[in-house]
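Please open the viewer and keep the selection tool at hand.

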Amino acid sequence: EIDGELAPGVSGKDVLLHIIGMIGVDGALYSAMEFTGSAIRSMSMEGRLTMSNMAIEAGAKNGIFEVDEITMEYLKDRAKREPRVFKADDDAEYDETFVIDLSEIRPTVAFPHLPENTKTIDEVGDITIDQVVIGSCTNGNIEDMEAAAKVLSGRKVADHVRCIIFPGTQNVYKEAIQRGWAEIFIDAGAVFSTPTCGPCLGGYMGILAEHERCVATTNRNFIGRMGHNLSEVYL
(Lines give C-alpha, C1' and ligand atoms only; values in the text may rest on other atoms or scores of the structure.)
Protein backbone atom coordinates (compact mmCIF):
# COMPACT_ATOMS: atom_id res chain seq x y z
CA GLU A 1 0.00 0.00 0.00
CA ILE A 2 1.73 3.13 -1.27
CA ASP A 3 0.69 6.57 -0.03
CA GLY A 4 2.05 10.12 -0.19
CA GLU A 5 3.77 11.87 -3.08
CA LEU A 6 7.08 11.31 -4.84
CA ALA A 7 9.77 13.85 -4.00
CA PRO A 8 11.43 15.64 -6.96
CA GLY A 9 13.92 13.37 -8.71
CA VAL A 10 12.37 10.19 -7.28
CA SER A 11 10.76 7.69 -9.66
CA GLY A 12 8.97 4.35 -9.67
CA LYS A 13 12.40 2.70 -10.01
CA ASP A 14 13.46 4.20 -6.67
CA VAL A 15 10.24 2.93 -5.07
CA LEU A 16 10.80 -0.61 -6.30
CA LEU A 17 14.49 -0.63 -5.34
CA HIS A 18 13.40 0.57 -1.89
CA ILE A 19 10.94 -2.33 -1.67
CA ILE A 20 13.52 -4.89 -2.82
CA GLY A 21 15.99 -3.48 -0.31
CA MET A 22 13.31 -3.92 2.35
CA ILE A 23 12.08 -7.46 1.57
CA GLY A 24 15.07 -8.92 -0.32
CA VAL A 25 15.44 -10.62 -3.69
CA ASP A 26 13.36 -13.57 -2.46
CA GLY A 27 10.88 -11.54 -0.41
CA ALA A 28 8.01 -12.18 -2.82
CA LEU A 29 9.12 -15.59 -4.04
CA TYR A 30 6.54 -17.05 -6.43
CA SER A 31 3.90 -14.61 -5.18
CA ALA A 32 1.88 -11.89 -6.85
CA MET A 33 3.00 -8.43 -5.74
CA GLU A 34 -0.01 -6.10 -5.78
CA PHE A 35 0.49 -2.32 -5.69
CA THR A 36 -2.31 -0.19 -4.31
CA GLY A 37 -2.83 2.99 -2.28
CA SER A 38 -3.55 6.66 -2.89
CA ALA A 39 -0.14 7.40 -4.43
CA ILE A 40 -0.68 5.01 -7.32
CA ARG A 41 -3.26 7.36 -8.82
CA SER A 42 -0.62 10.05 -9.27
CA MET A 43 1.95 7.69 -10.79
CA SER A 44 2.48 7.56 -14.55
CA MET A 45 1.99 4.38 -16.54
CA GLU A 46 5.72 4.43 -17.29
CA GLY A 47 6.49 4.39 -13.56
CA ARG A 48 4.02 1.57 -13.01
CA LEU A 49 5.47 -0.48 -15.88
CA THR A 50 8.96 -0.12 -14.41
CA MET A 51 7.74 -1.31 -11.02
CA SER A 52 5.85 -4.28 -12.51
CA ASN A 53 8.92 -5.19 -14.54
CA MET A 54 11.21 -5.20 -11.50
CA ALA A 55 8.84 -7.07 -9.17
CA ILE A 56 10.51 -10.17 -10.59
CA GLU A 57 13.76 -9.04 -8.92
CA ALA A 58 12.05 -9.63 -5.56
CA GLY A 59 11.19 -13.15 -6.66
CA ALA A 60 7.58 -12.34 -7.59
CA LYS A 61 5.88 -14.07 -10.50
CA ASN A 62 4.18 -10.77 -11.36
CA GLY A 63 3.65 -7.20 -10.22
CA ILE A 64 0.11 -5.85 -10.68
CA PHE A 65 -1.56 -2.46 -10.29
CA GLU A 66 -5.19 -1.58 -9.77
CA VAL A 67 -6.85 -0.40 -12.97
CA ASP A 68 -7.83 3.27 -12.94
CA GLU A 69 -8.56 6.08 -15.40
CA ILE A 70 -4.83 6.47 -16.16
CA THR A 71 -4.68 2.79 -17.16
CA MET A 72 -7.75 3.08 -19.38
CA GLU A 73 -6.43 6.23 -21.06
CA TYR A 74 -3.12 4.46 -21.77
CA LEU A 75 -4.99 1.54 -23.35
CA LYS A 76 -7.25 3.70 -25.51
CA ASP A 77 -5.07 3.75 -28.64
CA ARG A 78 -3.16 0.57 -27.85
CA ALA A 79 -5.61 -2.21 -27.01
CA LYS A 80 -6.90 -4.21 -29.96
CA ARG A 81 -9.98 -5.38 -28.06
CA GLU A 82 -12.20 -4.13 -25.25
CA PRO A 83 -10.28 -4.60 -21.99
CA ARG A 84 -11.72 -6.68 -19.15
CA VAL A 85 -11.03 -5.25 -15.71
CA PHE A 86 -10.17 -7.51 -12.78
CA LYS A 87 -9.97 -6.37 -9.16
CA ALA A 88 -8.91 -7.99 -5.92
CA ASP A 89 -11.85 -9.31 -3.88
CA ASP A 90 -12.85 -7.12 -0.95
CA ASP A 91 -12.13 -10.02 1.40
CA ALA A 92 -8.89 -11.08 -0.32
CA GLU A 93 -6.27 -12.47 2.05
CA TYR A 94 -2.62 -11.48 1.64
CA ASP A 95 0.50 -13.26 2.85
CA GLU A 96 1.92 -9.93 3.93
CA THR A 97 1.05 -6.24 3.70
CA PHE A 98 3.55 -3.37 3.62
CA VAL A 99 2.65 0.32 3.93
CA ILE A 100 5.05 2.74 2.25
CA ASP A 101 5.14 6.54 2.51
CA LEU A 102 6.50 7.88 -0.77
CA SER A 103 7.62 11.14 0.81
CA GLU A 104 10.24 9.18 2.79
CA ILE A 105 11.84 7.58 -0.30
CA ARG A 106 15.04 9.12 -1.66
CA PRO A 107 16.86 8.40 -4.93
CA THR A 108 18.13 4.85 -4.45
CA VAL A 109 21.05 2.86 -5.87
CA ALA A 110 21.51 -0.92 -5.75
CA PHE A 111 25.18 -1.75 -5.24
CA PRO A 112 26.86 -4.90 -6.59
CA HIS A 113 25.98 -7.69 -6.73
CA LEU A 114 22.26 -7.88 -5.88
CA PRO A 115 19.25 -5.57 -6.40
CA GLU A 116 18.58 -5.81 -2.65
CA ASN A 117 21.93 -4.20 -1.77
CA THR A 118 20.44 -0.71 -1.75
CA LYS A 119 21.72 2.63 -0.51
CA THR A 120 20.09 6.04 -0.69
CA ILE A 121 21.94 8.66 -2.71
CA ASP A 122 23.36 10.36 0.40
CA GLU A 123 25.03 7.06 1.37
CA VAL A 124 26.70 6.41 -2.00
CA GLY A 125 29.84 8.54 -1.80
CA ASP A 126 32.32 9.08 -4.65
CA ILE A 127 32.64 6.15 -7.06
CA THR A 128 34.61 6.36 -10.31
CA ILE A 129 32.66 4.85 -13.19
CA ASP A 130 33.61 3.68 -16.69
CA GLN A 131 30.19 3.29 -18.30
CA VAL A 132 26.57 4.46 -18.12
CA VAL A 133 23.70 2.43 -19.61
CA ILE A 134 20.33 4.16 -19.94
CA GLY A 135 17.23 2.31 -21.14
CA SER A 136 16.27 -1.40 -21.36
CA CYS A 137 12.87 -3.03 -20.78
CA THR A 138 12.97 -1.59 -17.25
CA ASN A 139 13.64 2.08 -17.98
CA GLY A 140 13.39 2.51 -21.74
CA ASN A 141 10.05 4.32 -21.76
CA ILE A 142 9.49 7.74 -23.30
CA GLU A 143 9.70 9.54 -19.95
CA ASP A 144 13.04 7.82 -19.30
CA MET A 145 14.36 9.11 -22.64
CA GLU A 146 13.06 12.57 -21.76
CA ALA A 147 14.85 12.51 -18.40
CA ALA A 148 18.11 11.50 -20.11
CA ALA A 149 17.71 14.27 -22.71
CA LYS A 150 17.19 16.88 -19.98
CA VAL A 151 20.38 15.81 -18.22
CA LEU A 152 22.52 15.57 -21.37
CA SER A 153 21.25 18.66 -23.19
CA GLY A 154 24.14 21.11 -23.63
CA ARG A 155 26.53 18.78 -21.80
CA LYS A 156 29.25 16.31 -22.77
CA VAL A 157 29.85 12.78 -21.50
CA ALA A 158 33.20 12.64 -19.67
CA ASP A 159 36.11 11.51 -21.84
CA HIS A 160 36.76 8.40 -19.75
CA VAL A 161 33.10 7.29 -19.69
CA ARG A 162 31.12 5.34 -22.29
CA CYS A 163 27.40 6.24 -22.39
CA ILE A 164 24.95 3.90 -24.14
CA ILE A 165 21.26 4.76 -24.51
CA PHE A 166 18.74 2.27 -25.84
CA PRO A 167 14.93 2.63 -25.76
CA GLY A 168 12.55 -0.18 -24.88
CA THR A 169 10.58 -0.22 -28.16
CA GLN A 170 10.78 0.92 -31.75
CA ASN A 171 7.95 3.40 -31.06
CA VAL A 172 9.96 5.01 -28.25
CA TYR A 173 13.04 5.04 -30.51
CA LYS A 174 11.10 6.78 -33.27
CA GLU A 175 9.52 9.32 -30.92
CA ALA A 176 12.91 10.16 -29.36
CA ILE A 177 14.18 10.93 -32.86
CA GLN A 178 11.12 13.04 -33.71
CA ARG A 179 11.45 15.06 -30.49
CA GLY A 180 15.11 15.84 -31.22
CA TRP A 181 16.47 13.83 -28.31
CA ALA A 182 18.57 11.56 -30.52
CA GLU A 183 20.56 14.61 -31.62
CA ILE A 184 21.01 15.66 -27.98
CA PHE A 185 22.33 12.19 -27.09
CA ILE A 186 24.74 12.04 -30.03
CA ASP A 187 25.99 15.62 -29.53
CA ALA A 188 26.69 14.76 -25.89
CA GLY A 189 28.92 11.90 -27.01
CA ALA A 190 26.54 9.05 -26.21
CA VAL A 191 25.73 6.03 -28.37
CA PHE A 192 22.01 5.96 -29.23
CA SER A 193 21.01 2.41 -30.14
CA THR A 194 17.89 0.74 -31.45
CA PRO A 195 15.99 -1.40 -28.88
CA THR A 196 18.06 -4.39 -27.76
CA CYS A 197 18.87 -6.50 -24.70
CA GLY A 198 22.59 -6.47 -25.64
CA PRO A 199 24.30 -4.34 -22.99
CA CYS A 200 21.92 -5.34 -20.17
CA LEU A 201 22.97 -9.00 -20.20
CA GLY A 202 26.52 -8.57 -21.44
CA GLY A 203 25.66 -10.00 -24.85
CA TYR A 204 27.14 -7.21 -26.96
CA MET A 205 27.60 -3.42 -26.85
CA GLY A 206 29.18 -2.10 -23.68
CA ILE A 207 30.59 -5.32 -22.25
CA LEU A 208 32.48 -4.54 -19.05
CA ALA A 209 36.15 -5.41 -18.69
CA GLU A 210 37.87 -6.49 -15.47
CA HIS A 211 37.30 -4.02 -12.61
CA GLU A 212 35.16 -1.69 -14.73
CA ARG A 213 32.14 -0.08 -13.11
CA CYS A 214 28.82 0.73 -14.75
CA VAL A 215 25.80 2.75 -13.62
CA ALA A 216 22.73 1.25 -15.32
CA THR A 217 18.97 1.75 -15.40
CA THR A 218 18.60 -1.95 -16.13
CA ASN A 219 17.07 -4.53 -13.80
CA ARG A 220 19.91 -6.79 -12.61
CA ASN A 221 23.44 -6.38 -11.29
CA PHE A 222 24.53 -9.97 -10.63
CA ILE A 223 28.19 -11.02 -10.82
CA GLY A 224 29.24 -11.04 -14.47
CA ARG A 225 25.89 -9.69 -15.61
CA MET A 226 27.44 -7.18 -18.03
CA GLY A 227 30.76 -8.82 -18.69
CA HIS A 228 33.79 -9.76 -16.57
CA ASN A 229 33.18 -11.44 -13.21
CA LEU A 230 35.25 -8.73 -11.54
CA SER A 231 33.24 -5.87 -13.04
CA GLU A 232 30.53 -4.03 -11.08
CA VAL A 233 27.03 -2.85 -11.97
CA TYR A 234 25.18 -0.19 -9.97
CA LEU A 235 21.43 0.07 -10.59
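Which residues are buried in α2? Select M45, E46, G47, R48, T50, M51, S52 and M54, for these are the buried residues of α2. Here "buried" means under 20% relative accessible area, "exposed" means over 50%, and "partly exposed" lies in between (1.4 Å probe, protein chains only). Helices (DSSP runs of H or I, at least four residues) and strands (DSSP runs of E, at least two) are numbered from the N terminus. Helix α2 covers residues 45-54, and because eight of its ten residues are buried, the helix is largely enclosed by the rest of the structure.

Before continuing, please note that this is a predicted model, in which local features need pLDDT of at least 70 and side-chain atom pairs count only at pLDDT 80 or more, while totals for chains, interfaces and linings use all residues. Residues are numbered from 1 along each chain as its sequence is written, and side-chain values use heavy atoms, with hydrogens and water left out.

**Stop 1: salt bridges**

The structure holds eight salt bridges. A salt bridge is a side-chain nitrogen of Lys or Arg within 4 Å of a carboxyl oxygen of Asp or Glu.

Next, select R162 and E212, another salt bridge, in which the closest N and O atoms are 2.9 Å apart. R162 is partly exposed, with a relative accessible area of 33%, whereas E212 is buried at 16%.

Then select K76 and E73, whose side chains meet in a salt bridge of 3.0 Å, N to O. K76 counts as exposed, at 54% relative accessibility, and E73 is partly exposed, at 47%.

**Stop 2: surface patches**

Which residues form a nonpolar patch on the surface? Select V67, M72 and V85, which together have about 200 Å² of accessible area. Patches are made of residues with over 30% relative accessible area and no salt bridge; like charges are joined within 9 Å, and nonpolar side chains (Val, Leu, Ile, Met, Phe, Trp, Tyr) within 5 Å. Accessible areas come from the Shrake-Rupley method with a 1.4 Å probe, and for residues only the protein chains shown count as cover. M72 is found in helix α3 and is partly exposed, with a relative accessible area of 32%.

Now select D89, D90, D91 and E93, which gather in a patch of negative charge on the surface. Asp and Glu count as negative and Lys and Arg as positive, while His and the chain ends are not counted. The place of a charge is taken as NZ of Lys, CZ of Arg, CG of Asp or CD of Glu. D90 lies in the loop between α3 (69-75) and β4 (100-101), and at 86% relative accessibility D90 counts as exposed.

**Stop 3: cysteines**

How many disulfides does the structure hold? There are zero; a disulfide is a pair of cysteine sulfur atoms within 2.5 Å. Select C197 and C137: the sulfur of C197 has its closest cysteine sulfur in C137, at 6.2 Å, which is too far for a bond. C197 is exposed, with a relative accessible area of 55%. Then select C214 and C163, where the sulfur of C214 is 9.4 Å from its closest cysteine sulfur, in C163, and this too is too far for a bond. C214 counts as buried, at 0% relative accessibility.

**Stop 4: the backbone**

Most residues other than glycine have a negative phi, and most peptide bonds are trans. Select P112 and H113, which are joined by a cis peptide bond with omega about 5 degrees. H113 is found in the loop between β5 (108-110) and β6 (118-120).

Select S136, in helix α4 (residues 136-139). The phi of S136 is positive, near 85 degrees, and S136 counts as buried at 5% relative accessibility. Finally, select M205, in the loop between β9 (191-192) and β10 (213-216). The phi of M205 is positive, near 70 degrees, and M205 counts as partly exposed at 28% relative accessibility.
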